[in-house]
Amino acid sequence: MKEKIIAPSLLAADFANLQRDIETVNKSQAQWFHVDIMDGVFVPNISFGMPVLQAINKHAKKPLDVHLMIVDPDRYIKEFADLGANHLTVHYEACPHLHRTLQAIKAEGMKAGVAINPHTNVDLLKDVIKDIDIVLVMSVNPGFGGQSFIEHTYHKVQRLKEMILNQNAETLIEIDGGVTNKNALELINAGADILVAGSYVFKAENQLETIKELKHLANS
Ligand code: DX5
Ligand code: ZN
């Protein structure tokens, strides 16, 4: 079985000590950095933008998994590629021409991701699933870290996994929001490949140990 991936979300890092927290992830068993960009329009919160991503890229030694919670992401695809994003995930709900957006992301050499909000039915991805490298299933409403996991997510992940297998697609399933050691194994059993964890990792006393345990659980 392919190794399951842990992607700590820097949204929960200490921004006054961002380099320190990036180095922790560099040293850890996590494979990716998850980076949340919010515009205050698509979601009711503003996180950080290009200059901060540039600073992250200077120190991060693992792939940058960039999650755009912004309207009209097409405007910035090239810029995110130039800033070092390895994966660029856009929201289904923000893209009227999703197929075109996915092609544009790939044309810039990045993996193309699509995020779906908790209310968005996975069936809506049926006609485009083979063009998607990563489906990010939001297990909280996007915009804030530290929220409680929505239990219905398990069911969505199962249905999505079935769709991927039925179509012989190679799409990976990523879960974002409220991930902890309490739901990690059940998410993996439902079909998840990547677990994003923000507060659970960065609010922990021992971050390296927390990442290690989560990775072990996901790969058990
Ligand atoms: C929420 C973001 C998440 C967030 C997860 O909109 O997309 O990546 O950082 O944070 P936790 O793990 O604390 O729910
Ligand atoms: Zn995210």
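**Exercise 1.** How many residues of the shell around ligand 1 are nonpolar, how many polar and how many charged?

*Solution.* The model is predicted, so local features need pLDDT of at least 70 and side-chain atom pairs count only at pLDDT 80 or more, while totals for chains, interfaces and linings use all residues. Residues are numbered from 1 along each chain as its sequence is written, and chains are lettered from A and ligands numbered from 1 in the order in which they are written.

Step 1. Apply the classes: Ala, Val, Leu, Ile, Met, Phe, Trp, Tyr, Cys and Pro are nonpolar, Asp, Glu, Lys and Arg are charged, and the others, Gly among them, are polar.

Step 2. The shell then splits into 9 nonpolar, 11 polar and 2 charged residues.

Step 3. Of the 22 residues around the ligand (C-beta atom, placed from the backbone, within 6 Å), the nearest are Ser 9, Leu 11, Gly 145, Gly 198 and Ser 199. Two or more shell residues come from each of β2 (33-38), β8 (194-197) and α7 (199-202); these are DSSP runs numbered from the N terminus, helices being H or I of at least four residues and strands E of at least two.

**Exercise 2.** Locate the residues that UniProt lists under "active site".

*Solution.* Step 1. The unreviewed UniProt entry gives Asp 36 and Asp 176; such annotations may be inferred rather than shown by experiment.

Step 1. Asp 36 belongs to strand β2.

**Exercise 3.** Find the "binding site" residues in the UniProt record.

*Solution.* Step 1. The unreviewed entry lists His 34, Asp 36, His 67 and Asp 176.

Step 1. They are spread over 143 residues of sequence but cluster in space, with a largest C-alpha distance of 10.5 Å.
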